2 protein chains.
Amino acid sequence: MKVIDFKWPNGFKSGAVHAGFKAGDQLDLSWLVSDTISAAAGVYTKNQFQAAPVQVTKHTINLVHQLKAIIINSGNANSFTGDQGITNAHREAELVGKKLNVDPKLIGVASTGIIGKQLDMTTFTDGLDQLTLSDSIDAPEAIITTDTTSKKVCVETQIDGHPVTVTGFAKGSGMIHPNMGTTLGFIATDAAVDKDTLQQLLSAKIVNSFNQITVDGCMSTNDMVLTMANGAAGNQTITASHPEYAQFVDAFTYVLTSLAKMVAKDGEGSSKFVEVDVHHAANQADANHVARAIVGSNLIKAMLFGEDANWGRVVQALGQTDAQINLTGLAISIAGVQIIKNSQLQPVNMDALRKLLGQDHILIEVDLGSGDFSGVAWGCDLTYKYVEINAAYEE
Amino acid sequence: MKVIDFKWPNGFKSGAVHAGFKAGDQLDLSWLVSDTISAAAGVYTKNQFQAAPVQVTKHTINLVHQLKAIIINSGNANSFTGDQGITNAHREAELVGKKLNVDPKLIGVASTGIIGKQLDMTTFTDGLDQLTLSDSIDAPEAIITTDTTSKKVCVETQIDGHPVTVTGFAKGSGMIHPNMGTTLGFIATDAAVDKDTLQQLLSAKIVNSFNQITVDGCMSTNDMVLTMANGAAGNQTITASHPEYAQFVDAFTYVLTSLAKMVAKDGEGSSKFVEVDVHHAANQADANHVARAIVGSNLIKAMLFGEDANWGRVVQALGQTDAQINLTGLAISIAGVQIIKNSQLQPVNMDALRKLLGQDHILIEVDLGSGDFSGVAWGCDLTYKYVEINAAYEE
């Protein structure tokens, strides 16, 4: 597997335009279209108020796990929009299906932006009219909201001697604006993948990637990660028993994890990227939970912004979980400096440690001394800028 | 029941001195001493890394549910201090017991301040030497850390025709979350109360008071609320079958709830006090959980600091819970203005609402439309000042 310049996998076309959901001339409507009908899978927000496009696309994908295309708008989340919102999401699928001459049940719909405002269908129709099928790689730019950069990654691997491309793009940042949906992710591959295998793989791998990032602990109404596999690479259809299944899993997982880290790194107002590694947990759930608890602690996030080493806050955060902890065998390192070993404070050159905390990538390592499981979580610091962004008036 | 000027109940003496745990000449060591042995009860942090004084005092109280005195230092939490910390906490009880000529098993010990530093026992001994038994009401000042004000309340009621006083004081500020943050609370009464009744009452009433406040989602290692009832008022011993049990419960609950609200109001860096009322929940746990989820949301806290009415963030926060919600019967009001009714956005004068959000006490009301239970939680906004306080270097 190697990382390559961003491009669409074989048999995918795209396009992105300014429809008018966002101000100025910013791109706000894009699509990703496969030449042929693709295997498809999705994972969806667990927020009880799932936005209309999440409800509609989840239903669509669960029918036969196949998609021809995905259409994505930014600037309006079509969330908390009641029956009219559902009708509009269905109408989007119909209009795209008509333009591509396929059943609307093969169209995925995603939205991100303001909550509680009906989607202007004239704006949508006007935008759709302008969309063309091209090699344009503008879609990652067209889906972002308060993100400071687009998030995209592309890898190539070999399956059955055929080059296979796995391409992913995502948006993140925070729940913002009268409430932007946080995370959208899309992964396209030209590998031939069995549709059930694709769903199982996405559902399994989301756990240690997107589910391990936190910017502000807020799960939006619009979160969704979708994947399409169209088979244009010509490999034997991948199932768990395919001899090169592991290669595909590696590529797919790399893309998912890379996107998740990019989203964490670009958390609203962040100045530092934070990774928390938990080792020797009693089980996977403990490892993941403790990593998330630490990366999500306001006190730790503020301390990292301040480039301070208040390790007691790490103790506090992990003690607050119900994870199994060896209370006399705990170890904690911050920025590579071991501070706690066997639950004892070690001699630490605090001035040197503070200098290390000036880096823009901080690693916190915790050893629970309770078992053989490891977990990782990613996040960012808590800054004045986060408060400013989220305190600002928004129309 | 009436609120009266702060004083100790009959048969209690106190004192507060500067021992040297804090800088300058700030008060940092205080005690509360009953003339006679009192019934006693406690509730303790659920953090797995319980600080030494919490472990020792919990053990002490659970022996016979009686105390003669409580000693409290600020400036050092005696937390994450290993065996030496436990030894020191026991030694504190021994020294106080010796000075008062009672069994050290009748002495409660509480600490708050920096984590991971051994308590200087010479400082403690010097301070204890200075402590006297007086009517001084300085103890509430002596236990605070980053609090901007002391928290204290005193009420009087009648039981069996005898005037009964219930006096409470607390500290809070940061690391505050359900199951208590860096929260210490002490309630003394001259009522005669059965010791089991006292423990049951405290355990029950903590649920809707201190466990419903959150400043930053962080539960500290030192949280503890202790209560002593010495019987100096001369009433018949209160049990649940006492004819005036309800009067005592009212007074006790008022003190607990008032202290909890004072702690929330003085959350680190806060500029506004926030109350969330949840109505028509399917059960009490749902009502309490939803109220806490909303009051604890960073996005909502930042929005209130910005005096903005991003109601979608309330939808997001409650949708993130697993509480039972009538998805078509939801109602949300902010600062008395109904924004959502029957899950539909109402016409709202946003300019007028923003003006209301300029107040320093904000009420958010949520109707889940699912049952007959109500819950309340209290917190504060998320400000630049919170980030500043928690980003600052600590020695």
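The exercises below, each with a worked solution, concern a predicted model.

**Exercise 1.** Determine the strand order of the open six-stranded sheet in chain B, and state which strands lie at its edges.

Solution. 
- The order is β13-β12-β11-β14-β10-β15 (chain B), and the pairing is mixed.
- β13 (344–345) and β15 (373–380) of chain B each pair on one side only, which makes them the edge strands.
- Inside the sheet, β11 (residues 331–334) and β14 (residues 361–367) of chain B pair in the antiparallel sense over four bridges.

**Exercise 2.** Describe the packing of α8 of chain A against α11 of chain B.

Solution. 
- Two packed helices are described by the angle between their axes and the distance between the axes.
- Here the axes of α8 (residues 298–305) of chain A and α11 (residues 384–391) of chain B come within 7 Å and cross at roughly 75°.
- Angles of 65 to 115 degrees count as roughly perpendicular, so α8(A) is roughly perpendicular to α11(B).
- From α8(A), the contact uses N298(A), L299(A), A302(A), M303(A) and F305(A); from α11(B), it uses Y386(B), V387(B), N390(B) and A391(B).
- Sorted by class, the residues of this contact are seven nonpolar, two polar and no charged.

**Exercise 3.** State how many residues of helix α9 of chain A are buried, and what they pack against.

Solution. 
- Of the nine residues in α9 (residues 312–320) of chain A, eight are buried.
- Among them are R313(A), Q316(A) and L318(A).
- The buried residues of α9(A) pack against α7 (284–295), α8, β11 and β14 of chain A, and also against α11 of chain B.

**Exercise 4.** Characterise the largest nonpolar core and the surroundings of L318(B).

Solution. 
- The largest nonpolar core has 37 residues, and those with the most contacts inside it are I294(B), L318(B), I334(B), I364(B) and V366(B).
- Two or more residues each come from β10, α7, α8, α9, β11, β12 and β14 of chain B.
- The most come from α7(B), which gives five.
- With neighbours within four places in sequence left aside, L318(B) is in contact with residues including Q48(A), F49(A), V290(B), I294(B), I332(B) and V366(B).
- Apart from this core lies another, of 36 residues, among them A291(A), V295(A), I325(A) and L368(A).

Notes:
Residues are numbered from 1 along each chain as its sequence is written. Chains are lettered from A and ligands numbered from 1 in the order in which they are written. This is a predicted model: local features need pLDDT of at least 70, side-chain atom pairs count only at pLDDT 80 or more; totals for chains, interfaces and linings use all residues. Side-chain values use heavy atoms; hydrogens and water are left out. Two strands pair if DSSP finds at least two bridges between them. Axes are lines fitted to C-alpha atoms, for helices over the stretch in contact, and angles run from 0 to 180 degrees between N-to-C directions. Angles under 35 degrees count as roughly parallel, over 145 as roughly antiparallel, 65 to 115 as roughly perpendicular and the rest as oblique. Contact means heavy atoms within 4.5 Å. Ala, Val, Leu, Ile, Met, Phe, Trp, Tyr, Cys and Pro count as nonpolar, Asp, Glu, Lys and Arg as charged, and the others, Gly among them, as polar. Buried means under 20% relative accessible area, exposed over 50%, partly exposed in between (1.4 Å probe, protein chains only). A nonpolar core is a set of buried Ala, Val, Leu, Ile, Met, Phe, Trp, Tyr and Cys residues joined through side-chain atoms within 4.5 Å.
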